[in-house]
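The report that follows is meant for a reader who is meeting this structure for the first time. Please keep the sequence and the structure in view while reading.

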Amino acid sequence: MHPNSKISRRKVLLTGAAGALAGLAMPHVARAAGDPIKVGILQPFSGGLEVLGQQGFQGAEMALLEANEAGGVLSGRMFEIVKADDRTDPKTAVERTSELIRRDKVTAIIGPVTSANRDAMLPTIERYKTPLLYATDYEGGVCSPYVACYSALPAHWVNPLVPYAVENLGNAFYLIGSDYVWPQKMNKAFREEIEKAKAKVVGEEYTPWGAKDYAATLRKVESSGSDVVVITIVGADAITFVKQFAAAGLQSKIKIIFFGFNENYVAGLSQAESNGIVAPSNFIANLDKPEAKAFVERFHARYGANSVVSNTTDAHYTLTRFFIEGIKKAGSDDRQKILASMVGQSLMSGNGEVDLRASDRHADLNVLIVQVDNGQLKVLKDLGRIVAPSQCG
């Protein structure tokens with residue numbers, strides 16, 4: 001479509017990874033003010049993590065839509081989204097990153113989900129000095145002047161959860177995760193905290209992507225003497241595991257801690273299968289706070305009353321807002337100036353005010369311990385603001 005085509009200023013531009021304009025073009029006011037600011041949203045829209053990819057996309061998209069509807073930035077410039085699929089594959093993620101930067105000329109990239117894809121992308125991000133906005137919980141350790149993280153680290157989720165678990169759930173833990181870096185590092189942190197608490201890990205294993213049969217693992221979990229199974233399996237594989245765990249009759253004997261659990265997983269499980277799951281989170285959709293209710297209401301108004309609102313949505317929305325406010329503060333679309341202006345800010349998230357630190361470009365987050373009760377996530381404990389150590393120390 002020709003860039004002179006007119007649309008309502010309530011629309012956002014949306015282009016595909018191939019560079020073809022899939023949305024509508026800039027309105028007259030934006031053409032007069034300047035070219036659109038292109039933002040790449042690189043998420044897994046295939047490859048096993050599609051639900052998380054769609055949630056991340058919607059959170060980022062909503063922030064950009066709201067900015068356009070408010071008149072844009074820099075005297076009327078609008079945001080244009082370039083959507084790309086990393087297929088949950090590191091090689092593809094690198095290819096898409098190069099395309100977004102070199103061909104599509106994006107100002108920043110929002111994504112991906114997995115640590116493997118993020119780490120694979122990092123040399124390209126740093127070579128072209130392009131901001132990467134990463135809004136997925138991860139294992140920690142990223143220190144780059146071009147990466148900003150709205151991410152729960154082990155210090156946010158593992159450290160405060162272990163004392164609660166030992167006091168309320170048991171003292172023998174079986175750790176099971178997908179076979180990549182995030183589960184391995186999370187479990188390493190969990191084991192260290194368990195040892196400090198004088199409890200014990202009675203088993204630890206990692207399963208390949210796409211596992212269909214967990215019978216052998218479940219037999220080991222049952223025979224291990226564990227009080228709690230700690231899950232760092234991701235995506236559809238985690239649904240498979242929990243369903244088989246419930247079918248094996250283990251729920252009455254062994255409790256579940258599930259890292260990364262949110263409303264997306266609730267939707268894939270029956271009430272009986274999900275009841276009792278305990279998890280850390282930064283946000284839940286039915287959180288009884290004004291900022292949470294307002295966010296959910298706006299999200300449902302845009303994407304439908306049945307759309308799922310989760311921690312993933314809130315994280316991508318909030319980090320994208322830091323980016324937008326960084327542009328306003330910088331008064332420029334210069335990447336370096338935006339990066340410098342994003343940090344040192346405080347914004348209201350779906351769960352309280354949050355800060356994006358200048359020291360390592362990570363966020364200090366408000367953390368909850370939640371549990372599934374009759375298909376709904378309920379707050380067991382509001383831990384408030386948790387400040388993790390600098391990742392650039």
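Predicted model: local features only at pLDDT ≥ 70, side-chain atom pairs only at ≥ 80, totals over all residues.

Lysine 129 is found in the loop between helix H4 and strand E5 (132-134), and its phi is near 50°, a positive value in a residue other than glycine.

Arginine 361 also has a positive phi, of about 60°, although it is not a glycine. This arginine lies in the loop between strand E13 (352-356) and strand E14 (363-373), and because its relative accessible area is 14%, arginine 361 is buried. Another backbone feature is the peptide bond from glycine 111 to proline 112, which is cis, with omega near -5°; proline 112 lies in the loop between strand E4 (108-110) and helix H4 (115-127).

## The enclosed cavity

A search of the whole structure finds one cavity of 30 Å³ or more, and the volume of the largest cavity is about 290 Å³. Its lining is made of 28 residues, and those that lie nearest the centre are Leu52, Val113, Thr136, Asp137 and Thr312. Helix H12 (residues 311-330) supplies the largest share of this lining, with four residues.

## The largest pocket

The largest pocket holds about 240 Å³ of space. It is lined by 15 residues, of which Glu139, Pro154, Lys185, Ala189 and Glu192 are the closest to its centre. Two or more residues of the lining come from each of helix H5 (154-168) and helix H6 (181-196), and H6 gives the most, with six residues. The lining of the largest pocket divides into six nonpolar, three polar and six charged residues.

## Aromatic rings

Over the whole structure, a search finds 15 aromatic pairs. In one of them, the rings of phenylalanine 261 and tyrosine 265 have their centres 5.8 Å apart and their planes at 15°, so the pair is stacked. Phenylalanine 261 is buried, with a relative accessible area of 3%, and tyrosine 265 is buried as well, with a relative accessible area of 6%. Elsewhere, ring pairs link Phe283, Phe295, Phe299, Tyr303 and Tyr317 into a cluster.

Lysine 83 is placed over two rings: it lies over the face of phenylalanine 45, at 4.6 Å from the ring centre, and its charged end sits over the ring of phenylalanine 57, 4.6 Å from the centre of that ring.

Asparagine 282 is found in the loop between strand E11 (278-281) and helix H11 (290-303), and because its relative accessible area is 5%, asparagine 282 is buried. Leaving aside residues up to four places away in sequence, asparagine 282 touches Ala152, Trp157, Asn311, Asn351, Leu365, Asn366, Val367 and Leu368.

Threonine 92 has its place in helix H3 (residues 90-103), and with a relative accessibility of 9% this threonine counts as buried. With residues up to four places away in sequence again not counted, threonine 92 touches Asp85, Asp86 and Arg87.

Definitions and conventions. Residues numbered from 1 in each chain as written. Heavy atoms only, no water. Buried < 20%, exposed > 50% of the residue type's maximum accessible area, 1.4 Å probe, protein only. Contact = heavy atoms within 4.5 Å. 1 Å grid on protein atoms, 1.4 Å probe; cavity = no way out; pocket = protein on both sides within 12 Å on 5 of 7 lines; lining within 4 Å. Points joined across faces, edges and corners; volume = space filled by probe spheres on them. Phe/Tyr/Trp six-rings, centres within 6.5 Å; stacked < 30°, edge-to-face > 60°. Lys NZ or Arg CZ within 6 Å of the ring centre and 35° of its normal. Nonpolar A, V, L, I, M, F, W, Y, C, P; charged D, E, K, R; others polar.
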